[in-house]
Amino acid sequence: MSHNWKRVVVKVGSALISPNKIGCSSHYLLSIAQFIVKCRAMGTQVVLVSSGSVAAGAHQFSDHEKSEIAVKKAMAAAGQTEMIATWDRLFDFPSAQILLTHADLRDRERYISIRETIFSLLEHEILPIINENDTVTTDKLKVGDNDNLSAMVAAAADADALIICSDVNGLYDKNPNEHDDAELLSWVDNIDQSIYDMAGGAVEGGVGTGGMRTKIEAAEKAVSHGIDTFIVNGFTETTFNQLLEGQNPGTHFQAHDKPMKENIHWMRHTSNAQGEVIVESDFAASLENEAEQLTSSEIIAVKGEFSVGDTILVRKDDGTKLVKARSNYSSCLLNFIAKQDNEEFAQEFEKKTGPIISNKHIANLEKE
Ligand SMILES: Nc1ncnc2c1ncn2[C@@H]1O[C@H](COP(=O)(O)OP(=O)(O)O)[C@@H](O)[C@H]1O
Ligand SMILES: N[C@@H](CCC(=O)OP(=O)(O)O)C(=O)O
């Protein structure tokens, strides 16, 4: 492959799997499957993130039930088996099903376990097919967002590229389904607010769920990890031929040339802060470089309950988010030190126990 990728994550949207919401169709999957086969033949490992279980299972449920979240989850459970079986039929090598949630990825131990499982499957030339485990997700408002999930998976799998296959040619300057004069952006090297402003949601009542916004969020996560990201039209075979020839058939979001380290990327984009410490506004401007100088005397307040090793958010007292970091102290211990109201005791304690947060485990939040 002239792109020279060692490993790619291919994300396939619902509209490609179940275009009419009456079960799965292999119509559009054939060219994607062929692409995967060719990548593997060229020595590029592939991880597949496939949506479509809700759409595939929908025909088993009556119309009036379909908007309820509990029913959508049931649709996902019913459609998942059919979706996996459809993919499996298209390959003459083994595939494996992985169902996971954002919460699984936010937990560092589970994240490492997911990472190891993916690596082991790839080593054994088994194709991992990943979807969100919709049955156990607790977000009541919606089922699934496989765009962000695919970016987290791409980071966990140390992929070189993330290819998001959708029902449009890429990112347009406005929603092409609503504006005839919308223009395709073929290249994005900086994802800022103006890029987000172009994105609309998914088609109302359509098969997909996230629209462009979640794809841009995914691209932002992936490029900061050094992963080139493409949004492409999965309906056309030419897309995949172009990708194999090293061309860009859709929108290419350029990977950062100085990617974040894996653990910092995880902290910034995947983990959830379990609590907060509030520091004085004039405290060291550059916490990122001098994290180890954060002492309990600079901390004005500790919010929430967290344990040693949890991710915490460090905020200024005016509310500005400074950094996310791994806390070497529990909230209980920080509160105990504060209660002593004795600077000498605090200094002595921190000298023995080590810094509250360390430079190695800190993620800057300058863009938020
Ligand atoms: N600026 C934009 N460029 C391209 N598509 C957009 C844009 N804004 C909104 N969309 C919508 O996003 C849809 C793709 O997202 P979605 O329906 O969630 O697909 P998928 O199932 O592939 O995730 C397009 O069909 C289009 O209607
Ligand atoms: N887990 C859900 C994924 C929902 C989702 O993100 O769909 P899409 O916007 O089509 O990628 C499903 O399989 O239906």
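**Notebook: cysteines, sheet, helices and single residues**

**Entry 1. Cysteines**

I began with Cys39, which counts as buried, because its relative accessibility is 0%. The model I am reading is a predicted one. I then searched for disulfides, taking as the criterion a pair of cysteine sulfur atoms within 2.5 Å. The search returned a count of 0 disulfides. For Cys24, which takes part in no disulfide, I found the nearest cysteine sulfur to be that of Cys165, at a distance of 16 Å. Cys24 has 18% relative accessibility and therefore counts as buried, the limit for that class being under 20%. Cys39 is likewise in no disulfide; its nearest cysteine sulfur belongs to Cys165 and is 10 Å away.

**Entry 2. The sheet**

I next traced the strand order. Eight strands form an open sheet of mixed pairing, in the order S3-S4-S2-S1-S5-S7-S8-S6. I noted that strand S3 (95-100) and strand S6 (187-188) are the edge strands; each has a single partner strand, so one side of each has no neighbour in the sheet.

I looked at one pairing in detail. Strand S5 (residues 161-166) and strand S7 (residues 228-233) run parallel and are joined by 6 bridges. For Ala161, I recorded Asp228 as the bridge partner in S7.

**Entry 3. Helices across the sheet**

I asked which strands helix H6 (residues 108-123) lies across. I found strand S1 (7-12), strand S2 (45-50), S3 and strand S4 (127-132), with H6 running at about 170° to S3. I put the question also to helix H9 (residues 211-223), which lies across S1, S5, S7 and strand S8 (251-253). The angle of H9 to S7 is about 155°.

**Entry 4. Lys11 and the annotated site**

I consulted the UniProt record, an unreviewed entry, for the feature "binding site". The record places this feature at Lys11, Ser166, Asp167, Thr209, Gly210, Gly211, Met212, Arg213, Thr214 and Lys215. I followed up Lys11, which belongs to strand S1. Is Lys11 buried or exposed? Lys11 counts as buried, because its relative accessibility is 5%. Setting aside residues up to four places away in sequence, I listed what Lys11 touches: Val49, Ser51, Asn146, Asp147, Ser150, Ile163, Ile164, Cys165 and Lys215.

**Entry 5. Ser50**

I then turned to Ser50, in strand S2. Its relative accessibility is 0%, so Ser50 counts as buried. With neighbours within four places in sequence left out, I recorded contacts of Ser50 with Val12, Ile17, Met83, Trp87, Ile129, Ile130, Asn131 and Asn146.

**Entry 6. Helix H13**

I recorded 11 Å between the C-alpha atoms of Leu333 and Ala346, which are 13 residues apart along the chain.

**Entry 7. Positive phi**

Most residues other than glycine have a negative phi. I found a positive phi of about 60° at Glu125, which is not a glycine. Glu125 is in the loop between H6 and S4, and its relative accessible area of 56% makes Glu125 exposed. Asp158, not a glycine, has a positive phi of about 55° and sits in the loop between helix H7 (146-156) and S5. I classed Asp158 as partly exposed because its relative accessible area is 32%. I also noted Asp341, which follows H13 and has a positive phi, near 50°.

Technical notes. Residues are numbered from 1 along each chain as its sequence is written. Chains are lettered from A and ligands numbered from 1 in the order in which they are written. This is a predicted model: local features need pLDDT of at least 70, side-chain atom pairs count only at pLDDT 80 or more; totals for chains, interfaces and linings use all residues. Side-chain values use heavy atoms; hydrogens and water are left out. Helices (H or I, at least four residues) and strands (E, at least two) are DSSP runs, numbered from the N terminus. Buried means under 20% relative accessible area, exposed over 50%, partly exposed in between (1.4 Å probe, protein chains only). Two strands pair if DSSP finds at least two bridges between them. Contact means heavy atoms within 4.5 Å. Axes are lines fitted to C-alpha atoms, for helices over the stretch in contact, and angles run from 0 to 180 degrees between N-to-C directions. UniProt positions are given in the numbering used here, feature names are shortened, and annotations may be inferred rather than shown by experiment.
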